[in-house]
Amino acid sequence: MPAPARTTARHYPPGEGLPHARAHATLHGHLAVSIHIHQDGFPLGRWLVQQRRKARSGQLSARTLHELTVLDPWWNPPWPFIWQRAYHRARASHATGQPIPPELRRWVRKQTTLWHQLHPHQQALLDNMGVVGRSRISSENRPFE
């Protein structure tokens, strides 16, 4: 007889992940990590998913919410998290002067065409990188083309 499938996820105490979140934010400047990311052996990605879930349901402690927000103001953005990860990848490439991978160039161009649909804070994040909506683009302001 096969063993029953495991259906319960581990629930981490809020404070357990904070040192790992601090370490990651210090190294990378953000907490936009995938669920599979580990920091010093700790499943930081899974822990952050749980903290975001708690924050949305009002169950995250004020202390943990404050500490995570200090580490990364957009650790729990109101827009899709996949957008946040793509933004940080594009920002890192831009900041280091590395060639922008083709998939990120396409992502950035898409943001310029969807500008009016983005949250004002998403627009501000992109604007800080020199990316603006199509209607605001001038010939000298095309950092990702």
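Visitor: Is L125 buried or exposed?
Guide: Start with the cut-offs: buried means under 20% relative accessible area, exposed means over 50%, and partly exposed is in between (1.4 Å probe, protein chains only). L125 has a relative accessible area of 11%, so L125 is buried. One caution on the model: it is predicted, local features need pLDDT of at least 70, side-chain atom pairs count only at pLDDT 80 or more, and totals for chains, interfaces and linings use all residues. Residues are numbered from 1 along each chain as its sequence is written, and side-chain values use heavy atoms, with hydrogens and water left out.

Visitor: Where is L125 found?
Guide: L125 sits in helix α6. Helices (H or I, at least four residues) and strands (E, at least two) are DSSP runs, numbered from the N terminus.

Visitor: Which residues is L125 in contact with, leaving aside neighbours within four places in sequence?
Guide: Contact means heavy atoms within 4.5 Å. By that rule, L125 touches W74, W79, W83, Q84 and Y87, once neighbours within four places in sequence are set aside. Also look at H88: 37 residues separate H88 from L125 along the chain, and their C-alpha atoms are 9.8 Å apart.

Visitor: How many helices and strands are in the chain?
Guide: The chain has 6 helices and 0 strands. Read from the N terminus, the order is α-α-α-α-α-α.

Visitor: At what angle do the axes of α4 and α6 cross?
Guide: Axes are lines fitted to C-alpha atoms, for helices over the stretch in contact, and angles run from 0 to 180 degrees between N-to-C directions. Helix α4 (residues 81-96) and helix α6 (residues 120-128) have axes that come within 11 Å and cross at roughly 10°. That makes α4 roughly parallel to α6. The label follows the angle: under 35 degrees is roughly parallel, over 145 roughly antiparallel, 65 to 115 roughly perpendicular, and the rest oblique.

Visitor: Which residues of α4 and α6 meet?
Guide: From α4 come W83, Q84 and Y87; from α6 come Q122, L125 and L126. By class, this contact of α4 with α6 has 4 nonpolar, 2 polar and no charged residues. For the classes, Ala, Val, Leu, Ile, Met, Phe, Trp, Tyr, Cys and Pro count as nonpolar, Asp, Glu, Lys and Arg as charged, and the others, Gly among them, as polar.

Visitor: Which residues touch the most other members in the largest nonpolar core?
Guide: In soluble globular proteins, nonpolar side chains tend to be buried together. A nonpolar core is a set of buried Ala, Val, Leu, Ile, Met, Phe, Trp, Tyr and Cys residues joined through side-chain atoms within 4.5 Å. The largest core here has 15 residues, and W83, Y87, A90, W107, L126, M129 and V131 touch the most other members. Helices α4, α5 (102-113) and α6 each give two or more residues to this core. The largest share, 4 residues, comes from α4.
Take W107: not counting residues up to four places away in sequence, W107 touches W83, A86, Y87, A90 and L126. Another core lies apart, with 12 residues, among them L31, V33, L44 and W47.

Visitor: Is A32 buried or exposed?
Guide: A32 has 7% relative accessibility, so A32 counts as buried. A32 lies in the loop between α1 and α2. Beyond its neighbours within four places in sequence, A32 is in contact with D72, F81, Q84, R85 and H88.

Visitor: What does the chain average in pLDDT?
Guide: pLDDT is the predictor's confidence in each residue, from 0 to 100. The chain averages 88, and 83% of the residues score at least 70.
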